[in-house]
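Trainee: Please take me through this model. I will ask, and you answer briefly.

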Amino acid sequence: MAEPESAVALSEAVKRGEASALSAVETCLARSQAVQPRLNCFTEIYADQARAEATRIDALPLAGRADLPLCGVPIAIKDFTPLAGKRTTFGSKVYRDHIAEHDPVIVRRLKAAGAIILGHTTTPEFAYSGSTHSPLWGITRNPWNPERTSGGSSGGSAVAVATGGVFLAEGTDMGGSIRIPASLCGVVGLKPSFGRIPMDILRTQYDTLAHFGPLARSVDDAALFLSVCEGPDDADALSLPKLPTAYPVAKPPRRPKFAVSLDLDMHVVSDEVAGLFHALITDIEKAGAEIAWVRTPFTVQAAKDWYALWAYCFAGDVGHLLEGHRDKLDSEVVGLIEKGRRLDIIGLRAIEHRRTALWREFAKLLQGYDALLCPTTAVTAPPADPELQESDEIQPDGRYSSVDMTGHFNLLSSCPVLSLPMGLAGNGMPAGLQIVGHRHGDRGVLALGKWIEALRTPQFPPFPA
């Protein structure tokens, strides 16, 4: 019997005694260890611990497995998220030897659901970048072309999932850090509604940019992850009440209605991404959806505002590290901290005023539609070497040239956003579609995502990558 290829199928098979958790772990370990030297997606692989946990699950009676939604499923955790008793470095030389004391809520819930943690995945220092490279761990490379970036900041998680090293991986998203690598590596990435999964790893409980979420090979697997991890906890003062379970995924409306924008009226979108997007929108319309090309309220100012808030977070959360550790830090992190320190209180409040106005306009736009569709990234994967990557810039015509189109939806953080693979461009590289849902409408986004997902045959990089 062939081994199950999805988290959903594997869990069900292990629960019925038709598959072995240990066999799944061994397969994932073999793949992870095969791609690691070339792609660098893990900081550490916990092979012995994973085997021991798999053996424990296989020894459970079937009745003891019944209530484990992720029974025997190998997963990975980003090295921005602590694991009790494990080295958690945040991609930084400053924390090279840092051992975490406690599991956050999301890790406790994954473990309680029967998931088996295979390892920690790479992140840029303090998850600052849309490209995964750090002073401590080096460059994480794209499984479709190792000369290209995996994206970031959850790049290691995306690569581990794309190559079959794990069935699911955890990521964090503060400006696209789940969706960017999902797009560039050709997997599914979900930024849930703000507060849907308790976020208890930051120094503040009142950050409104940050989300936990899954990277997966299918919408069903992402939904299963969300169903395990969502729900309130006092560890996060802003966590949301639990809704009916995200899995199984609901059916979409009979004739979905989509607002559609190629460029959000401000981005420079490459021909490769535009071609994939137009082809998919055509197929979505042929499948019975109603499509309306719309104008959106997004501007270059919104991108500037997100970046200013990002710098403010760095200045407040890790700015103290400049004293005594400046030489160990990524120069870009130093620059973010210094920019954040130059922000003034009135200017920050003005950003919140513009953010509120943006939300009001976007909420109006979504009225009458089930979701907004747009690309996740404006380009396919840039070079892996950060020295060869171009900086974001405003073009002479006023349009914004950048890799991603994601940070706007962290400003509008209550809106869930799902990134789905659109296929491979002519250059052989993947890119993603963003499905942006109504405030707290996670179930709707997953339903629409599953419907659109069926219009494309899944494609994953050849093994070994």
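Mentor: Start with pairing: two strands pair if DSSP finds at least two bridges between them. Helices (H or I, at least four residues) and strands (E, at least two) are DSSP runs, numbered from the N terminus. The model is predicted: local features need pLDDT of at least 70, side-chain atom pairs count only at pLDDT 80 or more, and totals for chains, interfaces and linings use all residues. Residues are numbered from 1 along each chain as its sequence is written, and side-chain values use heavy atoms, with hydrogens and water left out.

Trainee: In S16, which residue is the bridge partner of Leu190?

Mentor: S9 and S16 run antiparallel to each other, with three bridges. Within S16, Leu190 is bridged to Leu418.

Trainee: How many of the eight residues of S16 are buried?

Mentor: Buried means under 20% relative accessible area, exposed over 50%, partly exposed in between (1.4 Å probe, protein chains only). S16 is largely enclosed by the rest of the structure, because the buried residues number six of eight.

Trainee: Which strands stand at the edges of the open sheet?

Mentor: The sheet has eleven strands with mixed pairing, in the order S1-S3-S2-S8-S10-S9-S16-S17-S13-S11-S12. An edge strand has a single partner, so one side of it is left without a neighbour in the sheet; that describes S1 (42-45) and S12 (290-293).

Trainee: By what angle are neighbouring strands of this sheet turned against each other on average?

Mentor: Axes are lines fitted to C-alpha atoms, for helices over the stretch in contact, and angles run from 0 to 180 degrees between N-to-C directions. For neighbours in this sheet, direction is ignored, and the average is 25°.

Trainee: Is Ser193 buried or exposed?

Mentor: Ser193 sits in the loop between S9 (188-191) and S10 (211-216). A polar atom of its side chain lies 3.3 Å from the backbone oxygen of Ser414. With a relative accessible area of 1%, Ser193 is buried.

Trainee: What is the relative accessible area of Ser413?

Mentor: Ser413 lies in the loop between H14 (408-411) and S16 (417-424). Contact means heavy atoms within 4.5 Å; beyond four places in sequence, Ser413 touches residues including Ser193, His211 and Arg355. Ser413 is buried, at 6%.

Trainee: Which helix gives the most to the lining of the largest pocket?

Mentor: On a 1 Å grid over the protein atoms alone, a pocket is an open set of points with protein on both sides within 12 Å along at least five of seven lines; lining residues have an atom within 4 Å of a point. The lining counts 37 residues, with Tyr128, Ser129, Gly130, Tyr307 and Asp392 nearest the centre. With five residues, the most comes from H10.

Trainee: Just after H1, which residue takes a positive phi of about 80°?

Mentor: H1 (7-15) is mostly covered, with seven of its nine residues buried. Those buried residues pack against elements including H2 (21-39), S2 (74-78) and H8 (219-229). The residue with that phi, just after H1, is Gly17.

How values were computed: Polar contact = N/O pair within 3.5 Å; in protein donor to acceptor, adjacent residues only side chain to side chain. 1 Å grid on protein atoms, 1.4 Å probe; cavity = no way out; pocket = protein on both sides within 12 Å on 5 of 7 lines; lining within 4 Å.
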